[in-house]
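Work through the exercises below with the sequence and the structure at hand, and try each task before reading its solution.

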Amino acid sequence: MRHIISLLMENEAGALSRVSGLFSARGYNIESLTVAPTEDATLSRMTIVTSGSDEVIEQIYKQLNKLIEVVAVMDLSEGEHLERELMLVKVRAVGAVREEMKRMTDIFRGCIIDVSDKTYTIELTGTGHKLESFLQAIDRSLILETVRTGASGIGRGDRILKL
Amino acid sequence: MELTGAEITIRCLQEEGAEYVFGYPGGAVLHIYDALFTQDQVKHILVRHEQAAIHAADGYARSTDKVGVALVTSGPGVTNAVTGIATAYMDSIPMVIISGQVPTYAIGEDAFQEVDTVGITRPCVKHNFLVKDVKEIANTIKKAFYLAKSGRPGPVLVDIPKDISCQKTEFSYPTSVSIRSYHPAQHSDLGQIKSAVQLLLAAKRPMIYAGGGVILADASKQLTELVRLLGFPCTNTLMGLGGYPATDKQFVGMLGMHGTYEANMGMQYCDVLLAVGARFDDRVVGNVKHFNQEKRKIIHIDIDPSSISKRVKVDLPIVGDVAHVLDDLLAELHGSKEKPDQQAIAPWWAQIKEWRGKNSLVYKNSDEIIKPQFVIEKLYEVTQGDAFITSDVGQHQMWAAQYYKFDKPRRWINSGGLGTMGFGLPAAMGVQLAHPDAHVACVTGEGSIQMCIQELSTCKQFQLPLKIIMLNNRYLGMVRQWQQFFHGNRYAESYMDALPDFVKLAEAYGHVGMRIEKPSDVEPALKEAFGRKQQLVFMDFITDQTENVFPMVQGGKGLSEVILAEDL
């Protein structure tokens, strides 16, 4: 089953490699992994999307907690949560396609952030599912490149991961 | 007063009470060696290979309750040390390794003797640090010792670049340490303790299964009291031997791949299993599916939550320091109105007695040729069961575990998790330094001993009167055994040809060598060797080439599918 795990860790060189090394050494899946500093500069927050049986997820949770630099871990998928991912898509946009692309971008509540005479670059935010849907809704042959950040997650309401 | 990073490093070791540092000098640690030279509180033991430095620090740590300390240089110094570090990591041995690194300005430039030490050792340490500021050395070493010893112990490495070790700063050693992300469990939840006591008292077919965690937590006194109070059978893992006295009538022997019949059958068919500081690893429970076929309630005490329900699902987890949890369990039992009912478990003991009747460790002795088991039995008698025994890895290791009855903890020193050949001799050096007046024997084979044999030179230099008990069967015996069982007797590369004359070799290193070829000479030779209190004696026992280790639970099989010697 798919799980989305959030963790806070010391914002130190090498901390990321401890986490990624743990996943590769123990054969756990990583679907996506995002990391950036938080409002507290000493901490980084990471969101990992992974999948596995209940036993494997339990081990992942425990093994992450065991890393010395990991301060707190939360399996967001155990409760109500939100997740968002950012995608940038560069498409070929000439002739009639320009209007069609603009319309699709509006429908998916994205925005066009760069325009050239032959291309648009579209920014889109949402769940991974929504981003997939957008890619399926447009003519795939027009896609020049896509960049996705992977999911960032946060608990709903009072579910807070903080030191 | 300002001190250099190197001087601070040594002052930190002094503050931590380190008696010995095992190491080997090199370019990146020259400042640190210079600082060692000008003091005599911390004694340096010069090994002949960095792997041995780590094993020696490891043996020192295992035979005491202290943290082992090693010092190696950058690049090959570290890569040579990795086998030792991984060995200590797998067996959760508290250790601090100081490694030199190329200067900070050269890191990443493929400098001479540069290697990404933190990267290479990351998967086999509890934690590691690269010190980039001389002001951080003291605090980092303080943290390293704290991490190594607390919680589930393990090796911690501190990598110090050469320029950092010669910069100066004010020194003050921190009196305390706190790491906001690290809070090892201590006491367990009282509710869990109460539930555990209820389960234990209701058991009809109980079993206590204790591992290396009991040794590491110095909890054998509590374990022994608990086992006796309950009247239950107790088995030890390879790592746990000595945690419960082997000569006690409630001890059913070691369990696992080469465990006794009664221990393995007891594990398989018990209705309540109390696991203490053990981790249900593949060499212990064999095939998990087969193990799970029998219904039983499992209580698991361990300091590391990730050890619980990793391979075998547990009904009642108790996370905490084994000694503290056992204290809590004992207090609860003493206070409980219900008392252990020996009548209720009498049929179970009758069953165990029947299993014991199989006499699964029996072997056919010979007047002609030395049986390896016989050597260990005689070793036990001659040392009156009171020696420190280190071992290498293979058949001799299993025979030592099976036939030397360890009544005390920290007497049996072996690489259980990683299974590192070459461990025994350097580990024995660490043990002997920690216990200068004790009998220390290294049980080894002619394969294993050659993996760190250069340490005979270290033994000479530091006058370590070890007794090396080499069971020489001219085969990599355990490999040969598996090839016999599973590979149609095709002994691919498992013979040991062109062996040196070990007697002359020992003599060349300045020690005493003995070759023993007749069973009748075994005991007199051992007596003579242990009588030579000031000398290292290298004993080359020429043993039966075809002897196998029994009982044996083959890989992938269940604990009750054991092969006994009589089955073949």
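**Exercise 1: a sheet in chain B**

Task: describe the sheet of six strands in chain B, beginning with the order of its strands.

Solution. The sheet is open, its strands follow the order S3-S2-S4-S5-S7-S6 (chain B), and their pairing is parallel; strands are DSSP E runs of at least two residues and helices H or I runs of at least four, numbered from the N terminus, and two strands pair if DSSP finds at least two bridges between them. At the edges lie strand S3 (43-46) and strand S6 (127-130) of chain B, each of which pairs on one side only. This is a predicted model, in which local features need pLDDT of at least 70 and side-chain atom pairs count only at pLDDT 80 or more, while totals for chains, interfaces and linings use all residues. Residues are numbered from 1 along each chain as its sequence is written, and chains are lettered from A and ligands numbered from 1 in the order in which they are written.

**Exercise 2: one pair of strands**

Task: how many bridges join S4 of chain B to S5 of chain B?

Solution. Strand S4 (residues 68-72) and strand S5 (residues 95-101) of chain B run parallel and are joined by five bridges. Within S5(B), Ile97(B) is the residue that stands opposite Ala70(B).

**Exercise 3: chain A against chain B**

Task: which element of chain A gives the most residues to the side that touches chain B?

Solution. In total, 15 residues of chain A are in contact with 13 residues of chain B, contact meaning that C-beta atoms, placed from the backbone, lie within 7 Å. Helix H1 (15-25), helix H2 (54-66) and strand S4 (70-75) of chain A each give two or more residues to this side, and H2(A) gives the most, with five residues.

How values were computed. Two residues are in contact if their C-beta atoms, placed from the backbone, lie within 7 Å.
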